[in-house]
Amino acid sequence: MKITTVARQMNVRDSLLELTEKKLAKFDRYFGADTTAYVTFKTRRQDKIVEITINYGGTLYRSEEEDETFQNALDRAVETLEGQIRKNKTRLERRIREGAFVRSLGEAEEEIEEELPLIRRKTFSLKPMTVEEAILQMNLLEHQFFVFSDADSGKVGVVYKRCDQGYGLILPE
C-alpha cells in the first residue's frame with residue numbers, strides 16, 4: 001500500500017509517520033499493492049484530527065476522527081475503517097467476484113473563492129452502477145447522499161439516508 005501523508009499547518013514527527021505506516025499495514029491483507037492511502041493530520045483548537053482515505057480499485061474508504069492526541073485519533077480512524085470493511089465484507093466480496101468495483105471514481109476538489117468563500121466544488125466521474133452499489137459507496141464514504149449513474153436506466157440518480165434509518169432514491173423522469 002502506498003501511503004501519502006499531508007500535514008496541514010504543522011509538522012509531523014517521524015515517530016507518528018512510522019506509527020501510521022504500522023497501523024495501516026494491517027489493511028494489506030484486504031487490499032492489493034495498487035492501493036493508495038491518503039492520511040491528513042491537522043489541528044483545530046486543542047483537538048488533533050486524522051483523516052484517512054483509502055482508494056482501492058476506485059472504491060473509496062474514508063474515516064475522519066478527532067481526539068486530544070494524534071495517536072488516539074489515528075487508532076479511532078483505523079478502527080472505523082476496519083468496522084466499515086467488516087460491516088460490508090459480504091457485499092464487497094460479492095462485488096470483487098463480479099468484478100464490479102468502481103474503476104473511475106477519482107474525485108477532484110477545487111475551492112472557489114467568489115462571493116461566498118466557503119463554497120466548495122467537487123467533480124467526479126460517473127460509472128454506471130446499481131442502486132445497491134451506490135448505497136455501499138455512500139456508506140463507505142460516510143456521506144449522507146451519493147450521486148451516481150444508474151446502470152439500468154443510464155440516468156443520473158441520487159441515493160440518500162433517510163431520518164428513519166432507511167434509504168431514498170431520486171431519479172429524473
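How many residues lie between β9 and β10 in the hairpin that they form, and which residue in the turn has a positive phi? The structure is a predicted model, in which local features need pLDDT of at least 70 and side-chain atom pairs count only at pLDDT 80 or more, while totals for chains, interfaces and linings use all residues. Residues are numbered from 1 along each chain as its sequence is written, and side-chain values use heavy atoms, with hydrogens and water left out.

The hairpin of β9 and β10 has five residues between its strands, and the turn residue with a positive phi, of about 70°, is Gln165. Helices (H or I, at least four residues) and strands (E, at least two) are DSSP runs, numbered from the N terminus. Most residues other than glycine have a negative phi. Gln165 counts as exposed because its relative accessibility is 69%; the classes are buried under 20% relative accessible area, exposed over 50% and partly exposed in between, with a 1.4 Å probe and protein chains only. A positive phi, of about 60°, is also found at Glu142, again not a glycine. Glu142 belongs to the loop between α4 and β8 (145–150) and, at 37% relative accessibility, is partly exposed.

Two strands pair if DSSP finds at least two bridges between them. Five bridges join β8 and β9 in the antiparallel sense, and Phe148 stands opposite Gly157 of β9. The pairing of β9 with β10 is antiparallel too, over four bridges; there, Val159 has Leu169 of β10 as its bridge partner.

Val159 is also part of a core of nine residues, which includes Met129, Ile135 and Met138. A nonpolar core is a set of buried Ala, Val, Leu, Ile, Met, Phe, Trp, Tyr and Cys residues joined through side-chain atoms within 4.5 Å. The largest such core has 22 residues, and those touching the most other members are Phe27, Val50, Ile52, Ile54 and Tyr61. At least two residues of this core come from each of α1 (14–24), β2 (36–44), β3 (47–56), α2 (70–87) and α4 (131–141). The largest share, seven residues, is supplied by α2.

With neighbours within four places in sequence left aside, Ile54 is in contact (heavy atoms within 4.5 Å) with Phe27, Phe31, Thr35, Thr36, Ala37, Thr59, Leu60, Tyr61 and Leu81. Of these, Thr36 is placed in strand β2 and counts as buried at 18% relative accessibility. On the same terms, the contacts of Thr36 are Lys2, Thr53, Ile54 and Asn55.

Helices α1 and α2 pack at an angle of about 15°, with their axes 11 Å apart. Axes are lines fitted to C-alpha atoms, for helices over the stretch in contact, and angles run from 0 to 180 degrees between N-to-C directions. The two helices are therefore roughly parallel, a term for angles under 35 degrees. The contact involves Leu16, Leu19, Thr20, Lys23 and Leu24 of α1, and Phe70, Gln71, Leu74, Asp75 and Val78 of α2.

Note on methods:
Angles under 35 degrees count as roughly parallel, over 145 as roughly antiparallel, 65 to 115 as roughly perpendicular and the rest as oblique.
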